[in-house]
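Please keep the sequence and the three-dimensional view at hand while reading.

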Amino acid sequence: MPSHPREMIAMAERRFPVRIRLGVPPGGFGQRHTNITAWLDENCGADGWAMTPSGTRGVLNDALSIYVVDATLASAFVARWCAGFGAETAGGTFRVREDEPTPRLGAGPHRTP
């Protein structure tokens, strides 16, 4: 595993064709970081994604990039973890949502007449 951020980024870009840039919230990710990585492991596989620093304007810790194998996984990630309808970006980075998505309600039992 490379120790230099530029090496980490170069390896991730070679291996994974799709990048999602997330802005780091002012208070950091907190528990959401653990939940995000667990979601990525479950949906992409432990070896199917990478996370690297992605600082904007020379600030190393204000954004990060998540690399995945395909756009379908990236779309699912954005729908689950990013804020705003249509997942708007701020300065080229997605904002992480503060709340949980609305849970899906299952259909009621069907009765045949």
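## Core contacts and paired side chains

Leaving aside residues up to four places away in sequence, Ile 36 touches Phe 29, Ile 66, Phe 77 and Trp 81. The model under discussion is predicted.

Ile 36 also belongs to the largest nonpolar core, which has 19 residues. Within this core, the residues that touch the most other members are Ile 20, Leu 22, Ile 36, Leu 40, Ile 66, Val 68 and Phe 77. Two or more residues of the core are given by each of strand S1 (18-23), H2, strand S3 (63-68) and H3.

Helix H3 covers residues 71-81, and its buried residues are Ala 74, Phe 77, Val 78, Arg 80 and Trp 81. At the start of H3, the backbone nitrogen of Thr 72 has a side-chain oxygen of Asp 70 within 3.2 Å. Two of the buried residues of H3, Arg 80 and Trp 81, also meet through their side chains: the charged end of Arg 80 sits over the ring of Trp 81, at 3.8 Å from the ring centre.

Because Trp 39 lies in helix H2 (residues 31-44) and Phe 77 in helix H3, the pair ties together parts that are 38 residues apart in sequence. Trp 39 is buried, at 16% relative accessible area, and Phe 77 is likewise buried, at 1%.

Side chains of opposite charge can pair when their charged atoms come close. How many salt bridges does a search of the whole structure find? The search finds one. In this salt bridge, Arg 15 is joined to Asp 47, and the closest N and O atoms are 2.8 Å apart. Arg 15 lies in helix H1 (residues 5-15) and Asp 47 in the loop between H2 and strand S2 (49-53), so the pair ties together parts that are 32 residues apart in sequence.

| Residue | Relative accessible area | Class |
|---|---|---|
| Trp 39 | 16% | buried |
| Phe 77 | 1% | buried |
| Arg 15 | 45% | partly exposed |
| Asp 47 | 55% | exposed |

Conventions:
Residues are numbered from 1 along each chain as its sequence is written. This is a predicted model: local features need pLDDT of at least 70, side-chain atom pairs count only at pLDDT 80 or more; totals for chains, interfaces and linings use all residues. Side-chain values use heavy atoms; hydrogens and water are left out. Buried means under 20% relative accessible area, exposed over 50%, partly exposed in between (1.4 Å probe, protein chains only). Helices (H or I, at least four residues) and strands (E, at least two) are DSSP runs, numbered from the N terminus. A polar contact is a pair of N or O atoms within 3.5 Å; within protein, one must be able to donate a hydrogen and the other to accept it, and residues adjacent in sequence count only if both atoms are side-chain atoms. A charge sits over a ring if NZ of Lys or CZ of Arg is within 6 Å of the ring centre and within 35 degrees of the ring normal. A nonpolar core is a set of buried Ala, Val, Leu, Ile, Met, Phe, Trp, Tyr and Cys residues joined through side-chain atoms within 4.5 Å. Contact means heavy atoms within 4.5 Å. A salt bridge is a side-chain nitrogen of Lys or Arg within 4 Å of a carboxyl oxygen of Asp or Glu.
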